[in-house]
Amino acid sequence: MGKTLAEKIWAEHVVSATAGEPDLLYIDLHLIHEVTSPQAFDGLRLSNRKVRRPDLTIATEDHNVPTLNIDKPIADPVSKLQVDTLRKNCAEFGLRIHSLGDVDQGIVHVVGPQLGITQPGMTIVCGDSHTSTHGAFGALAFGIGTSEVEHVLATQTLPLIRPKTMAINVEGSLKAGVTSKDIILAVIAKIGTGGGQGYILEYRGSAIRALSMEARMTICNMSIEAGARAGLIAPDQTTFDYVKGKPHAPTGADWDAALAYWQSLNTDADAKFDKEVNLNADELAPFVTWGTNPGQGLPLTSAVPNPADFANAEDRGAAERALQYMDLKPGTPLKSIKVDTIFLGSCTNGRIEDLRSAASILKGKKIASSVRLLVVPGSARVRLQAESEGLDKVFLDAGGEWRSAGCSMCLGMNPDQLKPGERAASTSNRNFEGRQGKGGRTHLVSPLVAAATALKGTLASPADL
Amino acid sequence: MEKFLTHTGSGLPLRRSNVDTDQIIPAVYLKRITKSGFEDGLFAAWRNDPNFELNQPQYKQASILIAGPDFGTGSSREHAVWALQNYGFKVVLSTRFADIFRGNSQKMGLLTVILPQEEIESLWQVVEEKPDTQITVDLQSKSVSYQGKSLQFTIDDYTRWRLMEGLDDIGLTFTKIDAVAKFEEKRATFKPKTLPIR
């Protein structure tokens with residue numbers, strides 16, 4: 001019997017396998033940031049251990065950093081200490097770091113692909129659950145905890161039990177105004193936030209093949225919101241074209257060898273997935289979440305659901321609690337919901353294509369007087385690229401704010417936060433209670449819906465303008 | 001890591017599903033550079049509500065958290081495990097755990113036990129009626145017992161052995177470090193390196 005793509009990449013990275021034990025897996029790339037690494041470096045120091053492969057490790061500052069006045073010292077002393085600690089640790093252990101102000105600084109999952117160090121067939125880890133983003137290149141990429149960060153620093157390996165595999169088949173073609181964000185929100189609504197637990201997802205089908213690399217990253221990014229540690233897409237010409245010419249892409253004979261290998265990275269025709277889920281792309285519409293987990297989403301044309309209509313007691317209880325937190329009444333049309341803030345950014349939707357698509361809706365128009373629009377590029381290079389295309393002017397002229405790169409309001413570790421009771425349409429990945437600021441309320445949307453919502457002041461798609 | 005053989009204590013009923021790591025410890029509490037002191041951030045937002053279980057005096061001594069399904073979803077922050085341990089929890093019982101959270105808990109010696117939802121419901125009822133009910137979670141016999149009742153649970157033998165011996169994974173991997181070096185010798189040369197900077 002053939003193998004799935006995930007099984008192939010796994011098998012190629014097994015350093016040692018013993019019956020009854022987890023496989024010891026080699027890690028090709030370890031990405032580091034300031035929040036989940038300090039205790040790991042402390043652990044190394046306590047045990048007198050070194051970083052085994054500084055040349056397979058890279059750090060950037062993203063979670064904590066301000067998006068205004070980045071040339072000044074970080075105002076919050078606790079954030080500053082954490083960022084300074086990362087800088088000290090990188091200097092002590094000889095690791096490459098892209099600090100605030102550096103042209104390659106940005107969200108760790110935006111930086112990897114743009115440097116070309118994210119490539120097909122690799123194992124990639126980071127102390128951040130959205131590491132699944134890199135799966136878009138046909139890599140096995142997953143988030144790890146701080147104990148595992150220390151393990152990878154010390155040994156460049158991880159002991160892991162191989163997950164099962166699940167195919168997410170998306171056939172057909174997306175209608176205008178429907179994006180990869182809507183695909184993944186629909187997938188999560190279908191299988192639930194626990195549906196992918198214990199699985200690696202492989203996104204397949206004609207609708208996936210038709211997507212750009214950046215759109216694929218948006219899908220793989222949110223695999224974790226469906227409970228799956230990793231999600232991937234087989235590499236194809238779109239992938240190869242994207243990687244080629246990037247700073248760390250292979251060149252010359254190495255490129256030819258790499259390409260031959262990458263072309264072998266797909267699921268065999270006779271391979272069997274442990275589970276398969278099917279979605280019809282033609283039927284998809286712009287999606288929005290109404291609740292407090294990413295599985296609580298519906299097409300924008302729907303109304304807020306009635307908890308009483310949920311058959312399962314668990315879902316009913318969760319819906320009741322969510323509506324109370326979100327201050328929403330059953331039956332309210334989603335399009336009538338007023339928002340205060342629009343956040344465009346994050347490792348989900350903070351890339352150049354995301355900014356372009358939002359700008360195409362906002363160009364020459366003004367946002368509603370009742371809203372604020374925060375545009376935070378995913379990396380310093382995305383910011384520069386956007387400025388070279390005049391996108392910053394589009395956002396500023398529309399009445400938005402143009403910020404420096406970082407995770408920003410996606411998780412509100414820096415000063416970019418919602419106030420209690422404030423409601424946001426956000427292109428990020430989590431609508432958890434208080435995620436974007438204590439008491440804040442989040443509706444997850446695509447960049448197109450975010451832009452249309454900014455213009456109307458209520459949840460809207462470009463077709464509603 | 002401390003050895004985990006058996007633990008007896010009282011339970012705290014958390015009748016909520018999808019308790020994500022942003023609820024267990026909000027991001028603003030993640031700025032510390034130590035592994036201790038996170039107890040103040042545990043369920044920080046919910047603790048503003050005086051009726052929240054953690055604020056109720058009858059559960060002050062609880063060391064076993066009895067949670068709804070899909071506990072620990074969301075971010076990879078191990079701080080969620082540290083916060084539970086710093087507060088005094090030794091065990092979490094649930095129907096389903098998020099993969100990363102479960103992995104983190106097993107690295108730190110916080111025992112996560114999967115039980116069927118009907119058993120979680122029974123435990124909630126018992127603990128709500130009689131908060132000082134003593135619950136024993138025994139890793140040797142893979143059982144949860146209370147009021148004369150005993151429930152079996154499953155856990156993979158390797159993780160169980162590691163937890164019972166209190167072994168840390170890094171030390172175990174170093175016993176195989178020659179295999180790692182051998183693997184590195186045959187890695188393809190086209191694989192990217194972060195250094196030197198290009």
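The model is predicted, so local features need pLDDT of at least 70 and side-chain atom pairs count only at pLDDT 80 or more, while totals for chains, interfaces and linings use all residues. Residues are numbered from 1 along each chain as its sequence is written, with chains lettered from A and ligands numbered from 1 in the order in which they are written.

Select the interface. Here 69 residues of chain A are in contact with 51 residues of chain B (C-beta atoms, placed from the backbone, within 7 Å). Helix α5 (residues 146-155) of chain A gives the most to the chain A side, with seven residues; helices are DSSP runs of H or I, at least four residues, and strands are runs of E, at least two, numbered from the N terminus.

Turn to chain B. Seven helices and eight strands are found there, and its C-alpha atoms fill a box of roughly 65 × 40 × 25 Å along the principal axes. Of its 198 residues, 43% count as buried (20 or more other C-beta atoms within 10 Å of the residue's own, with C-beta atoms placed from the backbone).

Next, select α13 (residues 352-362) of chain A. Eight of its 11 residues are buried, so the helix is largely enclosed by the rest of the structure. Among them are Ile352(A), Asp354(A) and Leu362(A). The buried residues of α13(A) pack against β15 (341-344), α12 (346-349), α14 (380-388), α15 (391-398) and α16 (447-456) of chain A. Finish at Gly364(A), which follows α13(A) and has a positive phi, near 75°.

Notes
Contact = placed C-beta atoms within 7 Å. Buried ≥ 20, exposed ≤ 12 C-beta atoms within 10 Å, placed from the backbone.
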